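Here are my notes on the model you sent. They run from one residue out to the whole chain.

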Amino acid sequence: MAPYFYALSENYGSPEEDYLLAYEEGRLTQAAKQIYATLLEKGSLGHDLLAQEARCECKESVCQTGPLEDLQRDFKILR
């Protein structure tokens with residue numbers, strides 16, 4: 001079913017540029033933007049390494065459901 005939900009999402013164009021546009025339009029938080037940029041650059045990472053690489057203020061901000069859940073809801077990342 002995931003491909004059908006993905007087709008309904010706003011994911012089109014270039015993943016390397018679309019998240020910046022979403023951030024500028026206020027549809028993506030600063031933390032989600034940092035996390036997504038880090039994942040684009042480094043690939044799949046564990047929570048601790050992701051927090052370190054994304055330079056988040058605290059490890060908990062990555063583990064919180066907020067930024068990661070936002071990215072997952074929009075099918076930008078998958079678990």
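1. Does T38 count as buried or exposed, and at what relative accessibility? The model is predicted, so read every value below as computed from that prediction. T38 counts as buried, because its relative accessibility is 8% and the cut-off for buried is under 20%.

2. Where does T38 sit? Its place is in helix α3. Leaving aside residues up to four places away in sequence, T38 touches G43, L45, L50, E53 and A54.

3. Now the packing of α2 on α3. Helix α2 spans residues 15–24 and helix α3 spans residues 30–42. Their axes come within 10 Å and cross at roughly 170°. The pair is therefore roughly antiparallel, since angles over 145 degrees fall in that class.

4. Which residues make the α2 and α3 contact? From α2 come P15, E16, Y19, L20 and Y23. They meet Q30, K33, Y36, A37 and L40 in α3. By class, the contact has seven nonpolar, one polar and two charged residues.

5. L8 is a contrasting case to check. This residue lies in helix α1 (residues 2–8). L8 counts as exposed, because its relative accessibility is 71% and the cut-off for exposed is over 50%. L8 and D74 are 66 residues apart in sequence. In space, their C-alpha atoms are 9.8 Å apart.

6. What is the overall make-up? The protein has six helices and zero strands. Along the sequence the pattern reads α-α-α-α-α-α.

7. Last, the totals for the protein. Buried residues make up 25% of the 79 residues. The accessible surface comes to about 5700 Å². Carbon and sulfur atoms account for 52% of that surface. Among contacts with a separation of 6 or more, 36% join residues 24 or more positions apart.

Definitions and conventions
Residues are numbered from 1 along each chain as its sequence is written. This is a predicted model: local features need pLDDT of at least 70, side-chain atom pairs count only at pLDDT 80 or more; totals for chains, interfaces and linings use all residues. Side-chain values use heavy atoms; hydrogens and water are left out. Axes are lines fitted to C-alpha atoms, for helices over the stretch in contact, and angles run from 0 to 180 degrees between N-to-C directions. Helices (H or I, at least four residues) and strands (E, at least two) are DSSP runs, numbered from the N terminus. Angles under 35 degrees count as roughly parallel, over 145 as roughly antiparallel, 65 to 115 as roughly perpendicular and the rest as oblique. Contact means heavy atoms within 4.5 Å. Ala, Val, Leu, Ile, Met, Phe, Trp, Tyr, Cys and Pro count as nonpolar, Asp, Glu, Lys and Arg as charged, and the others, Gly among them, as polar. Buried means under 20% relative accessible area, exposed over 50%, partly exposed in between (1.4 Å probe, protein chains only). Accessible areas come from the Shrake-Rupley method with a 1.4 Å probe; for residues, only the protein chains shown count as cover.
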